[in-house]
Amino acid sequence: MTDDTLATAAIRLSSPLRFGASTVLPVMAVGMVLLVIWYLAAIALNGPRVTEALNRGGQPYDNATFIAATWAMERPVLPAPHQIALELWNTTIDKPVDSKRSLVFHGAVTLSAALAGFVLGTVLGIVLAIGIVHVTTLDRSLMPWIVASQTVPILAIAPMIVVVLGNIGLTGLVPKAIISAYLSFFPVALGMVKGLRAPDPLQLDLMRTYSATRTQTFNKLRWPAAMSFLFPGLKVAVALSLVGAIIAELPTGAQSGLGSRLLSGSYYGQTVQIWAALVMAAILAVTAIGVLSLIERGVVMARGGRL
Amino acid sequence: MTPSAAPSTLGTRQHAASPSPKRTPVVEATDLGLVFQSGKQPITALSAVNLTIRRGDFVSLIGPSGCGKTTLLRAIADLVKPTSGMLRINGSTAEQARLDRCYGYVFQAPALYPWRSIERNVMLPLEIMGKSRPERLERAQRYLALVGLESFGGKFPWQLSGGMQQRASIARALSFEPDLLLMDEPFGALDEITRDNLNVHLLRLWAKTGITVIFVTHSIPEAVFLSSRIVVMSPRPGRILEVIDSDLPPDRDLDSRETPEFLAIAHRVRVALRAGHSYD
């Protein structure tokens with residue numbers, strides 16, 4: 001394949017993670033605007049407490065000192081971006097991975113639960129979709145339950161799941177993965193139900209004229225037709241599974257994981273630590289979605305450049 | 001008919017005009033009726049259809065839109081079940097014929113699978129029928145060449161024009177070498193120039209393979225140009241008004257459409273269609 005066709009294929013991809021030359025500039029521009037707003041907000045939000053402290057000191061101060069102080073508080077209301085960046089650096093690159101304060105360690109704990117939940121949720125979502133598409137009774141009986149399952153606040157149900165599973169001896173990764181799966185199966189199931197029903201009547205009639213079996217119709221028509229619905233579902237699911245894993249760490253007082261960092265940060269007013277954990281979670285999600293986009297791109301290439 | 005198909009003694013065009021008892025019937029419909037039970041009141045799509053189609057025939061079903069010609073074709077293909085009468089395909093039931101993969105079906109739209117290359121689309125029925133990979137490749141190449149698409153096997157459907165897509169779908173229907181080719185207004189969505197071109201193509205293909213073709217159309221020139229027999233159907237409920245045998249020379253081309261013989265047959269078809277309309 002020539003570079004030219006590769007390039008056109010890449011442009012045709014409507015993935016949210018295209019880092020081509022044409023997207024770097026707009027992304028950077030938005031980033032700059034956000035940073036400016038963030039720094040201004042930090043001045044506004046941290047200002048009152050800085051004023052208080054400076055007045056208590058009794059020394060006269062100018063605006064530059066005031067602004068610098070709002071961006072350098074130990075426990076700011078809103079930490080400045082460079083404080084978060086420094087905290088991230090200190091807790092990832094500067095810390096050994098096995099340290100209790102390493103965000104790499106905590107990130108890995110959360111990510112492993114999230115990925116286990118993602119795989120579980122994806123399998124469950126696909127199996128449910130296959131059942132719903134092929135069995136009329138399941139279509140009528142399951143769909144309302146699936147929708148209802150997502151209206152229950154996960155924050156309310158997560159502690160129950162942890163307690164119930166803890167009672168039967170399941171702790172650590174398993175309850176977290178199950179809560180992740182609880183969130184992530186939904187977009188996959190929904191997408192796949194639509195995707196497996198995507199073939200038009202002619203495409204289905206064609207299979208009938210070949211007297212194809214149900215399995216053949218599934219393998220050669222329904223499944224490939226569902227691919228363009230699977231990947232968007234997977235991307236939402238992987239982000240949700242991270243959310244699920246973090247939420248699962250909150251009510252149990254977990255000792256490790258990004259959720260535990262958020263929790264201990266809020267106990268001790270360590271806002272910088274909270275924000276660093278949040279940024280870490282975002283980095284993980286973006287990376288996971290990026291990996292899925294790469295796989296999707298491979299599938300698209302194998303299918304002649306269109307999904 | 002070309003000499004290549006002649007030794008079969010079946011399906012020669014000379015016999016088409018005067019049916020010989022030697023030729024076995026492929027399709028026999030007796031008092032066939034079909035009522036759709038959808039909606040508030042049942043719709044009678046077919047009523048008392050009697051039709052025999054013999055091996056090697058090129059039969060066109062012609063009639064106004066909604067007259068049930070597609071329904072008749074779908075009944076022959078066992079895509080819908082008749083509600084009365086009897087339908088035999090190759091001496092067995094329509095369902096058995098479908099299970100035996102007796103026919104290839106060409107739909108109004110190409111219905112190619114967009115994620116498969118043209119070659120892999122043509123190989124699809126062969127995969128389902130469990131043919132070996134070398135055989136699938138050989139047949140795909142052979143039938144793509146037959147429809148003039150030998151150099152497009154690696155392309156994907158969206159890279160081909162509508163006419164080429166429909167040719168690919170014909171290659172797909174022929175690839176497993178069925179007895180019978182069922183075509184449901186295959187060129188209806190194409191422009192007239194492409195359509196003429198494909199008509200010539202199809203006529204040559206029929207001559208080369210000697211396959212039995214049932215062809216649904218609402219174009220009189222197309223029906224007369226292609227067919228050895230033209231079945232004229234009435235508006236709903238679909239009945240057969242007249243079966244017109246055509247004895248145009250086998251080597252006819254597009255210019256033949258201006259000959260008096262062609263125009264005479266076209267006129268008969270037109271009169272029969274008009275008679276159908278005066279029924280209601």
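Reader: How many salt bridges does the structure hold over all chains?

Author: The model is predicted, and side-chain atom pairs count only at pLDDT 80 or more. A pair is included if a side-chain nitrogen of Lys or Arg is within 4 Å of a carboxyl oxygen of Asp or Glu. Over all chains, the number of salt bridges is 20.

Reader: What is the N to O distance between Glu52(A) and Arg56(A), whose side chains meet in a salt bridge?

Author: Both residues belong to helix α2 (residues 21–57) of chain A, where Glu52(A) and Arg56(A) are four residues apart, about one turn of the helix. Their side chains form a salt bridge with an N to O distance of 3.4 Å.

Reader: Which residue of chain B meets Asp205(A) in a salt bridge?

Author: The pair crosses between chains, with Asp205(A) in helix α9 (residues 201–209) of chain A and the partner in helix α2 (residues 69–76) of chain B. The N to O distance is 2.9 Å, and the partner is Arg74(B).

Reader: Why are Glu138(B) and Arg142(B) separated by about one helical turn?

Author: The side chains of these residues meet in a salt bridge at 2.8 Å, N to O. Glu138(B) is partly exposed at 38% relative accessibility, and Arg142(B) is partly exposed with a relative accessible area of 38%. The separation is about one helical turn because, in helix α5 (residues 133–146) of chain B, Glu138(B) and Arg142(B) are four residues apart.

Reader: Which residues do salt bridges that share partners join into one network?

Author: The network has members in chain A and chain B. Its members are Arg208(A), Asp78(B), Lys81(B) and Arg98(B).

Reader: How many polar residues does the contact of α5(A) with α11(A) have?

Author: From α5(A) come Leu103(A), His106(A), Gly107(A) and Thr110(A), and from α11(A) come Leu258(A), Gly259(A), Ser260(A) and Arg261(A). By class, two are nonpolar and one is charged, while the number of polar residues is five.

Technical notes
Residues are numbered from 1 along each chain as its sequence is written. Chains are lettered from A and ligands numbered from 1 in the order in which they are written. This is a predicted model: local features need pLDDT of at least 70, side-chain atom pairs count only at pLDDT 80 or more; totals for chains, interfaces and linings use all residues. Side-chain values use heavy atoms; hydrogens and water are left out. Contact means heavy atoms within 4.5 Å. Helices (H or I, at least four residues) and strands (E, at least two) are DSSP runs, numbered from the N terminus. Ala, Val, Leu, Ile, Met, Phe, Trp, Tyr, Cys and Pro count as nonpolar, Asp, Glu, Lys and Arg as charged, and the others, Gly among them, as polar. Buried means under 20% relative accessible area, exposed over 50%, partly exposed in between (1.4 Å probe, protein chains only).
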